[in-house]
Amino acid sequence: SGNGNDPSTDSDITGFFGPYSSGLFYLEESSTEEVDGGFFECTNIGDLVWYDTNENDIADPNENGIDGLIVNLHALINGSYEIVQTTVTDHKPGTPSDDGYFNFCAPPGTYFIEVIMPPQGLVQAVANIGNNEEIDSDLTNQHGPGTTNTIYVNGGSDITNIGAGFYPMATAGNRVWHDENENGIQESGEANVENVLVEAFELATGNKVAQSTTNASGIYSIEYLQKQDYYLRFSPPSGYGFTTPNTGGELVDSDVDHTFGYRTTAAYSMEPGQNYINIDAGLKFGVLPVEWLSVSAVNKGDVNVVSWSTALETNTEIFEIERKIEGGSFELIGETSSAGNSTDIQSYDFEDKNIVSGLHYYRIKQIDVDGKYEYSKIVSVEVISTRNVISLSPNPSIGETVLSLDMSSGDAIDITIIDNSGRLVRSINVESNLTGYNSKSITITDLPAGAYVVHITQGSFNEVKRLIVIK
């Protein structure tokens, strides 16, 4: 109605006084008024709302429709959507037992459909499964919960393949507790923690879909989860951090491992009608400057790579990497800057290029801006050398030098020292079975100052080192 600029050719049916009625107009004596009415053949939009009994996201022939649901047709009018028609799912006329039917008769325009599902414990089936538009579900939530994608009507062919499947919801929940002895396990007598916010996020989109708060028993429940992958995020009271995750059995452990950021769990694949009631969070009092996620060490040929990650950093300044070779003590071998303040997962790597055969132990020392520090757990890696590494230290030397040997074979080792004139001045035999890293002190106080050649022989292996003696 009212389209165009020529009143003599447009339609005057406005519906002001009911269906097919015009607006109000006035007639003076001997005057006339042209009132026109244009009609079009509408496009049928609709199809079926059904109960997906086997939960396969497809409308199978033996599955029943759901009657009594409100379905709205939204039309794009002057740049925004408005509800222009409403119907209720019911028996399909002319069929023996087809329920869940709805239909709209719409003029050309832009639309979407909204299905209102009351709180009956049902959630939407996954949309657009398979290649058959006649039997899939079309609720994509593009325009909000329970809505379809945009539908464009140009007149002509009907659009009667709009389906909406529903099946029982999944739920997630259980308990938040105070892990008083910080062993990561729920034990008798440990207190519940109430008023903890728990949020559920879709893994695919990162969108928050639901939330709950723990009660006086530390219990929470998140309902109306669809057949998707979700992770949870817990918000503990001020002053609390999280205990060690995944310690002990699933019934008694804490599941907050910071997989998708600080305070989050790993992902859970929810199935219709299933209750995931063992997603727990253990809290410990006193937030540490660092929440360690992982620390590991791995040998990669000529280097050991030490890796660690954190879920939380508060006023951190630097990380120092410390190493202990079997039989020795921890010593500083490097450092790296920290994030400072972060609630995101931070990852770090350090390459230890000065390695020998045998077990290497590593730990990370985190130092705050105020000088306080704490250590990570200790990790180890074994280096199995396939080559011989030999060094002399100190060199030049005054009275003693240490010959460090990292040998791949356990054969006996012969050491000879030759002076600058080619004369043998010292012969040393090192016992066999010394594979890996070993050291041998050599006293040289009796040798005159000068340059010497040290020959190291083990079977067919031979290496020459120069030694400078000073007085």
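**View 1. Strands E31 and E32 pair as an antiparallel hairpin.** Strand E32 (residues 461-469) runs antiparallel to E31, and nine bridges join the two. Strands are DSSP runs of E with at least two residues, numbered from the N terminus, and two strands pair if DSSP finds at least two bridges between them. In this pairing, alanine 451 stands opposite isoleucine 468 of E32. Two residues lie between the strands of the hairpin, and glycine 459 in the turn has a positive phi of about 60 degrees. The model is predicted: local features need pLDDT of at least 70, side-chain atom pairs count only at pLDDT 80 or more, and totals for chains, interfaces and linings use all residues. Residues are numbered from 1 along each chain as its sequence is written, and side-chain values use heavy atoms, with hydrogens and water left out.

**View 2. Strand E28 is joined to E31.** E28 (residues 413-418) and E31 (residues 450-458) run antiparallel and share five bridges. Aspartate 414 has threonine 457 in E31 as its bridge partner.

**View 3. Four strands form an open sheet.** The strand order is E4-E1-E8-E6, with mixed pairing. Strands E4 (101-106) and E6 (122-124) are the edge strands, each pairing on one side only. Neighbouring strands of this sheet are turned by 25 degrees against each other on average, direction ignored; the axes are lines fitted to C-alpha atoms, and angles run from 0 to 180 degrees between N-to-C directions.

View 4. The bridge partner of glutamine 124 is phenylalanine 166 in E8.
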